[in-house]
Amino acid sequence: MMTQTHRNLILAAFFFFAAVLCPKFALSAESNVELEWEGVENAKSYDLEVKSTKNTFKFQTKEAIWAGRLSPGFFKMRIRARDKRGVPGEWSEYQEFKVFLDSPEFVNPTSGSIVASANNDLQNVTFKWKKVFAGKKYTLDVQGLDSTFRKQIELNDEKATMELPVATKFMATIRAANEVLTSNPEKDRVAEFVVSGKKLAAPKLIQPESLFVREIKWNKPEFAQAYNYTLEKMDAKSQKFNVVEEGKELRGEAMPFKKEYPGGTYRVTVKSIASYRPSSEAVSLKFTAKEGDRTERAEALARLRESIERLSGWFGIASYLVNSVQYQNLNYDLTGTQTTYNAIGGTLRAGVGYVTMKNPWGYYLAAEASTLKVDGFGDIKYNMFEVNSFFKMKPNDAGEFRQTAGVVYKELPDLTTNFAGNVRNTSAIAALGLRYGVEYWHAMTPKLGLQANAHIFPLIAGQKTTNGQAFVPSTSVQAGFLISYRWSKNLTTLGGYAYRTDKMEYKTAPTSTFPNPAADKNSATLKGHYLNLFLEYQL
């Protein structure tokens, strides 16, 4: 007669050989089951009977718990306790229970994975899982962990494709079912994964409008949520940048520039960041902050002075003067002939210069080409060329005093007639000399300025005279005013009036016909009013 022990040995052998010889069948056809009951006092072991519609299984265990594998389905169980002699007690009433289908295991995407996307909005994601024994259909449930997205679909296959919003973290759950059973909801295998979005665009940094830097701004790229930044300052000696401040997650499109930071050259590097999107490329911007006071009052005064101050670097100048002049020529080589005309002319002036904000000294060179329309002589042309330095001083918050000094080359027309009034000569006199000027600029608004100026030209070395005789030192003068308007950071226009006297003299030349000229000097003089239209451009 077969005892209970023999049955248990046969069942154990069956499960062993099934697992060894047919491991796939054993793993896929059965589910892990754990049965637990309330223990009996002084019990040394328990008999467990598990019955399905087709089979009955009996097991012995020393504890009030049994763990093993059973095929999915409906079961009932009963137990009885044995004392230390091995004598069994009464069987308990049958308790029904069911064995769920195995919970499907995800193959793709796995938990903790990132699904990369090159899209800004939606991405198709393919889900795959292992087939479950006795499972005939599956329910895939996907929900966003930080969004309102949720979608659930039923299908008969072990894979599915779902369109999901990018830049979102998801939790996916898959459950198996057949006509009567499902997988255990309490043992769902969950996959948490991220669908990343397209790489962020880099922010566009905005150059500070002035040296009074209080913040660095940039334009927000699409989908950017925050920014990483690094602020560096250039060391004046090594010309290398050293880190001043770093920020890992700055909200908003502006980085504060602290008033405690010293003036100098800085570099800021910024990149866009966002949840579940690749960060942008880092972009950099160099800027200069003013030394010293950067308060609002100091900035207001500096802005006021913008109408009269040149910025650092090279600048170009161009102007046109409309001349209404009186021309007079005295030539005693012809026994005192005198030529006097009222004439209209124009002077085109162009030049280039260099100045810095820190250095009060600046430099420029300029050339003038003038035309004088004189009846009987036609268009008379003459030129001027000058090289200058200037020195700036600040007498008050709204003003600037400049002194200008340099070397000048000037020409004047020398128009002479004979006794009959006919043209005898239309040559030009030329001389080298010095130039000294003073200017006072007053800022009325950040755009509008006013300048008063006066210049003197001591001409000391003749370069060319009509009769070849020695040049006599003479002086030219100019005075006037200009109104300036700064249209932009680089462009300033000026307009104004000047009164100017240009005069040159040279020795007369005695001849056999006129051995004693009426005077010992000939001269040419231009006196007139000049309407000045002026343009200055920061290069």
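The side chains of R85 and D83 meet in a salt bridge, with N and O 2.9 Å apart; the term covers a side-chain nitrogen of Lys or Arg within 4 Å of a carboxyl oxygen of Asp or Glu. The structure is a predicted model, so local features need pLDDT of at least 70 and side-chain atom pairs count only at pLDDT 80 or more, while totals for chains, interfaces and linings use all residues. Residues are numbered from 1 along each chain as its sequence is written, and side-chain values use heavy atoms, with hydrogens and water left out.

Back to that pair: R85 is exposed, at 66% relative accessible area, whereas D83 is partly exposed, at 24%. Here buried means under 20% relative accessible area, exposed means over 50%, and partly exposed is what falls in between (1.4 Å probe, protein chains only). E179 and K136 make another salt bridge, their closest N and O atoms being 2.8 Å apart. E179 sits in the loop between β13 (168–177) and β14 (190–195), and K136 in the loop between β9 (122–129) and β10 (137–144), so the pair ties together parts that are 43 residues apart in sequence. Helices (H or I, at least four residues) and strands (E, at least two) are DSSP runs, numbered from the N terminus. E179 counts as exposed, with 59% relative accessibility.

R150 pairs with D141 in a salt bridge whose closest N and O atoms are 2.5 Å apart. Elsewhere, salt bridges that share partners link R349, E368, E386, K410, R435, R500 and D502 into one network. The count by this rule comes to 29 salt bridges.

The structure holds 2 cavities of 30 Å³ or more. On a 1 Å grid over the protein atoms alone, a cavity is a set of points where a 1.4 Å probe fits but cannot get out; a pocket is an open set with protein on both sides within 12 Å along at least five of seven lines, and lining residues have an atom within 4 Å of a point. Grid points are joined across faces, edges and corners, and a volume is the space filled by probe spheres set on the points.

The largest cavity has a volume of about 540 Å³. Its lining has 35 residues, and R349, E439, Q451, L482 and F534 lie nearest the centre. Strand β31 gives the most to this lining, with 5 residues. By class, the lining of the largest cavity splits into 14 nonpolar, 9 polar and 12 charged residues. For these classes, Ala, Val, Leu, Ile, Met, Phe, Trp, Tyr, Cys and Pro count as nonpolar, Asp, Glu, Lys and Arg as charged, and the others, Gly among them, as polar.

The second largest cavity has a volume of about 80 Å³. Of the 13 residues that line it, E368, S370, Y382, R500 and D502 are the closest to its centre. At least two lining residues come from each of β24 (361–374), β25 (378–396), β26 (399–417), β31 and β32 (521–538). The lining of the second largest cavity has 5 nonpolar, 3 polar and 5 charged residues.

As for open space, the second largest pocket has a volume of about 640 Å³. It is lined by 27 residues, with S31, N32, L101, D102 and S103 closest to its centre. Two or more lining residues come from each of α2 (23–29), β1 and β6 (95–99), and β1 gives the most, with 5 residues. The lining of the second largest pocket divides into 12 nonpolar, 5 polar and 10 charged residues.

On the surface, M444, L450, F481, I483, Y497 and Y499 form a nonpolar patch with about 510 Å² of accessible area together. Patches are made of residues with over 30% relative accessible area and no salt bridge, with like charges joined within 9 Å and nonpolar side chains (Val, Leu, Ile, Met, Phe, Trp, Tyr) within 5 Å; areas come from the Shrake-Rupley method with a 1.4 Å probe, and for residues only the protein chains shown count as cover. β30 (474–486) and β31 (491–507) each supply at least two residues of the patch. Y499, in strand β31, is partly exposed at 35%.
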